[in-house]
Amino acid sequence: MNKSDIEIYTKQWCPYCRRAKAMLRSLELEYIDYDITDDKELYEEMVERSGHKTIPQIFIDGENIGGYDALIEKISSGELDYLIDFEIPECEGNVWDLTVIGAGPAGMTAAIYAVRKGLKVLLVARDIGGQVLETDIIDNYPPEYNVSGPDLMQDFLDHLRNYKIDTLFGEEVIEIKVKEAGHQIIVKSGKKINTDAVIISAGTKKRHLGIPGESQLKDKGVSYCATCDGFLYEGQPVAVVGGGNSGLEAALDMARIAEKVYLLVRSERLSGDQTLQDKVMNSDKIEICWSYQAIKINGDTKVESLLIKNLNTGKQRKLNVDAVFIEIGLLPNSGFICEDLKINDYNEVMIDQNNQTSVEGIYAAGDITDIKDKQIIVAAAEGAKAALRVNEYLS
């Protein structure tokens with residue numbers, strides 16, 4: 001049992017709720033989960049206790065620590081070490097044969113394959129489960145038919161825990177230093193990890209627009225997850241940016257609850273699945289803004305409007321909306337990549353058929369690489385390949 005009581009208010013479809021619970025489980029911490037999906041009283045209780053409407057809200061011994069990012073900060077700083085029963089590896093004076101960066105399908109598979117070859121392995125990751133946690137139903141990962149993303153990643157984690165693999169969860173890698181003998185990984189908390197080889201499998205994150213007002217109004221009407229925050233704008237006008245599957249799904253989700261949905265598409269056609277396109281085209285709630293680009297989000301303390309420009313005529317238009325949902329795809333988590341490592345125009349790490357990068361001793365696997373197919377089964381296989389090649393390299 002925990003040394004403290006942990007409570008978490010969640011909704012079933014909330015990705016950050018799933019990430020928070022996955023992180024707590026990865027640290028073998030028990031918690032009380034208050035599911036407020038359809039419980040108005042519990043929701044009001046959460047708001048009264050925390051003073052916040054966003055989810056998740058996490059309490060330790062009755063004290064509100066905030067949401068998912070706050071949980072990660074406390075784990076990274078060591079504030080929650082007293083709750084953890086298993087041994088947290090010391091970085092100073094320690095050298096690992098292999099350090100795997102990222103704990104999605106590629107990273108966890110790589111760690112398992114490497115330790116089975118007798119390597120001393122460290123798995124370091126800010127998040128557990130990667131993008132898989134945001135998938136409700138998975139039916140293309142044999143033989144796990146019709147399994148949820150969180151359940152599949154829990155199976156991965158349970159498998160991982162059967163081996164002696166050192167883990168540093170809640171730690172964000174900020175730099176890889178290339179050295180003649182081995183390499184050094186620096187994490188945000190200041191820890192320095194010395195390792196003979198590295199497998200980078202850090203996955204992807206939501207892509208940003210990079211326009212005025214976007215960063216200033218983040219969580220104040222600017223959101224990268226309609227599934228997470230859409231309920232806050234029930235009965236209000238909103239905009240969705242993106243004509244791919246993510247944008248179409250977000251527009252359809254918001255059409256169920258919003259007053260009106262403006263869907264911004266940079267071209268004259270939608271690029272998502274045909275079934276989604278048909279639903280969007282037939283929705284009375286969705287107005288498609290063809291060939292428009294978002295150029296500025298206006299508002300002081302919250303989103304008040306979105307300024308857009310027609311790419312054909314140059315004419316500008318102001319949309320009076322209370323929220324802007326940015327759903328323009330994913331970006332590789334390659335911001336920490338050292339300058340010696342070759343990346344392509346999409347910021348993906350370039351690898352050869354052996355998962356070797358342009359730097360000796362550094363390998364990569366999964367969605368962060370330039371492989372064409374971004375699928376769970378492919379990522380797991382790439383993780384296994386990378387681990388086997390590392391074992392050959394170290395031998």
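This report walks through the domains, cores, sheet and aromatic pairs of one predicted protein model.

## Before you start

Residues are numbered from 1 along each chain as its sequence is written. Because this model is predicted, local features need pLDDT of at least 70 and side-chain atom pairs count only at pLDDT 80 or more, while totals for chains, interfaces and linings use all residues; side-chain values use heavy atoms, leaving out hydrogens and water.

## Three domains

Let's begin with the overall layout. The protein chain is divided into domain 1 (6-84), domain 2 (95-204 + 330-394) and domain 3 (222-326), with bounds that come from an automatic or database domain assignment. Between the C-alpha centres of domain 2 and domain 3 there are 34 Å.

## The nonpolar cores

A nonpolar core is a set of buried Ala, Val, Leu, Ile, Met, Phe, Trp, Tyr and Cys residues joined through side-chain atoms within 4.5 Å. Buried means under 20% relative accessible area, exposed means over 50%, and partly exposed is in between (1.4 Å probe, protein chains only). The largest nonpolar core has 55 residues, and Leu 71, Leu 152, Leu 160, Phe 169 and Ile 199 touch the most other members. Helix H4 (residues 105-116) gives this core its largest share, seven residues; helices (H or I, at least four residues) and strands (E, at least two) are DSSP runs, numbered from the N terminus. Domain 1 (6-84) and domain 2 (95-204 + 330-394) each supply at least three residues of this core. Apart from it lies another core, of 24 residues, including Ile 185, Ile 351, Val 359 and Ile 371.

Now zoom in on two residues, where contact means heavy atoms within 4.5 Å. Not counting residues up to four places away in sequence, Leu 160 touches Met 108, Ala 111, Ile 112, Leu 123, Ile 165, Thr 167 and Phe 169. Ser 26 is in helix H1 (residues 15-26) and counts as buried because its relative accessibility is 0%. With residues up to four places away in sequence again left out, Ser 26 touches Phe 86, Ile 128, Leu 157, Arg 161 and Phe 169.

## A parallel sheet

Five strands form an open sheet in the order E12-E19-E13-E14-E15, with parallel pairing. Strand E12 (222-223) and strand E15 (286-290) are at the edges with a single partner strand each, so one side of each has no neighbour in the sheet. Two strands pair if DSSP finds at least two bridges between them. Strand E13 (residues 237-241) and strand E14 (residues 260-265) are joined in the parallel sense over five bridges, and Ala 239 has Tyr 262 in E14 as its bridge partner.

Helix H7 (residues 245-255) lies across E13, E14, E15 and strand E19 (323-326), at about 170° to E14. For such angles, axes are lines fitted to C-alpha atoms, for helices over the stretch in contact, and the angles run from 0 to 180 degrees between N-to-C directions.

## Aromatic pairs

Rings of Phe, Tyr and Trp (its six-membered ring) pair if their centres lie within 6.5 Å; planes under 30 degrees apart count as stacked, over 60 as edge-to-face and the rest as tilted. The whole structure holds seven aromatic pairs. One of them, Tyr 9 with Phe 59, is edge-to-face, at 5.8 Å centre to centre and 70° between the planes. Tyr 9 lies in strand E1 (residues 6-10) and Phe 59 in strand E3 (residues 57-60), so the pair ties together parts that are 50 residues apart in sequence. Ring pairs also link Tyr 9, Tyr 34 and Phe 59 into a cluster.
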